[in-house]
Amino acid sequence: MNNYIIRLENPTDFEATENLVREAFWNVYRPGCTEHYVLHILRNDKDFVPELDFVMETDKEIIGQIAFVRAQIIADDGRKFPIMTFGPISIAPKYQRQGYGKALLDYAISKAKELKVGALCMEGNIDFYSHCGFDIASKKGIHYYAEPRSEEVPYFLLNELKEGYLDGVTGVYRTPDGYFVDEDKAEEFDKKFPPKTKLKLPGQLV
């Protein structure tokens with residue numbers, strides 16, 4: 001890995017960061033992508049966490065980003081446990097699979113711990129995120145709102161940052177509303193960027 005710095009994003013970065021997210025997610029989970037629009041909208045969401053809105057640079061080029069959002073677990077006994085989630089997290093395609101993503105996430109998690117965040121929940125690939133302290137959430141009794149409790153959901157992950165924060169807790173997590181965006185508005189937003197071809201590829205989710 002080349003020398004890099006991780007710093008807070010600032011408004012002058014927004015265009016470059018959104019273009020990075022678009023390049024990183026284009027045709028990965030669906031033809032085209034909406035993640036760059038999600039980030040654009042999240043920055044003005046009440047639950048967005050500017051203290052954990054980071055970019056990664058090398059040679060003054062933004063090659064990575066990560067953003068956090070406040071969330072909660074609703075326990076079966078009615079208690080509400082404040083936590084956070086994150087995403088999008090992006091690494092420029094030419095820098096992927098070289099360790100930059102783990103370095104960025106490890107740094108961001110360390111900063112979340114400094115803010116006394118109790119736990120993180122997110123949807124992702126356990127093969128990657130297990131290296132950063134995540135495990136399948138249902139093993140801890142925390143369930144994803146959109147899936148049956150009887151099933152182990154391999155993509156719904158948990159990282160308990162405060163030891164014992166969720167001991168004895170069973171409950172449900174729901175993706176924060178800020179991640180659900182209007183498809184038509186996302187399509188219109190994408191027209192601000194250079195044209196790219198949408199492709200339907202094997203393995204896409206949508």
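Me: Contact means heavy atoms within 4.5 Å. On that basis, which residues does Phe 68 touch, leaving out those up to four places away in sequence?

Reply: This is a predicted model. In it, Phe 68 touches Asp 47, Phe 48, Val 49, Leu 52, Met 84, Thr 85, Phe 86, Ala 108 and Leu 120.

Me: What makes a group of residues a nonpolar core?

Reply: The residues must be buried and of nonpolar kinds such as Leu, Ile and Phe, with side-chain atoms within 4.5 Å joining them. The largest set of this kind has 33 residues. Ile 66, Phe 68, Phe 86, Leu 105, Leu 120 and Phe 134 have the most contacts inside it. At least two residues each come from S2, S3 (61-75), S4 (80-91), H3 (100-114) and S5 (119-123). H3 gives the most, with 7 residues. There is also a second, separate core of 17 residues, and Ala 71, Ile 73, Cys 121 and Leu 166 are among them.

Me: Why is the pair Glu 18 and Arg 43 called a salt bridge?

Reply: The cut-off is 4 Å between a side-chain nitrogen of Lys or Arg and a carboxyl oxygen of Asp or Glu. Here the N to O distance is 2.6 Å. That is within 4 Å, so the pair qualifies. Glu 18 sits in helix H1 (residues 14-25), and Arg 43 in the loop between H2 (35-42) and S2 (54-58). They are 25 residues apart and link distant parts of the chain.

Me: How do you know whether Glu 18 and Arg 43 are buried or exposed?

Reply: Buried means under 20% relative accessible area. Glu 18 has 6%, so Glu 18 is buried. Arg 43 has 13%, so Arg 43 is buried as well.

Me: What makes Asp 167 and Lys 140 a salt bridge, and which parts does the pair tie together?

Reply: Their closest N and O atoms are 3.2 Å apart, which is within the 4 Å limit. Asp 167 lies in the loop between S8 (156-160) and S9 (171-173). Lys 140 lies in the loop between S6 (135-136) and S7 (142-144), so the pair ties together parts 27 residues apart in sequence. Exposed means over 50%. Asp 167, at 52%, therefore counts as exposed. Lys 140, at 29%, counts as partly exposed.

Me: How many salt bridges does the rule give?

Reply: The count is 18. Some are linked: Arg 7, Asp 13 and Glu 57 are joined in a network.

Me: How do you know that the length of H1 agrees with its number of residues?

Reply: H1 has 12 residues, and at 1.5 Å a residue they should span 16 Å. The end C-alpha atoms are 17 Å apart, which agrees. Buried residues of H1 include Thr 17, Glu 18, Leu 20 and Val 21. Their cover includes H2, S2, S3, S4 and H5 (183-190). After H1 comes Asn 27, with a positive phi near 65 degrees.

Me: How many cavities of 30 Å³ or more are there, and what lines the largest?

Reply: The count is 1. About 30 Å³ of space lies in the largest cavity. Its lining includes Ser 138, Ile 142, His 143, Tyr 144 and Arg 149.

Note on methods:
Residues numbered from 1 in each chain as written. Predicted model: local features only at pLDDT ≥ 70, side-chain atom pairs only at ≥ 80, totals over all residues. Heavy atoms only, no water. Helix = DSSP H or I, 4+ residues; strand = E, 2+ residues; numbered from the N terminus. Buried < 20%, exposed > 50% of the residue type's maximum accessible area, 1.4 Å probe, protein only. Expected span 1.5 Å × (residues − 1). 1 Å grid on protein atoms, 1.4 Å probe; cavity = no way out; pocket = protein on both sides within 12 Å on 5 of 7 lines; lining within 4 Å. Points joined across faces, edges and corners; volume = space filled by probe spheres on them.
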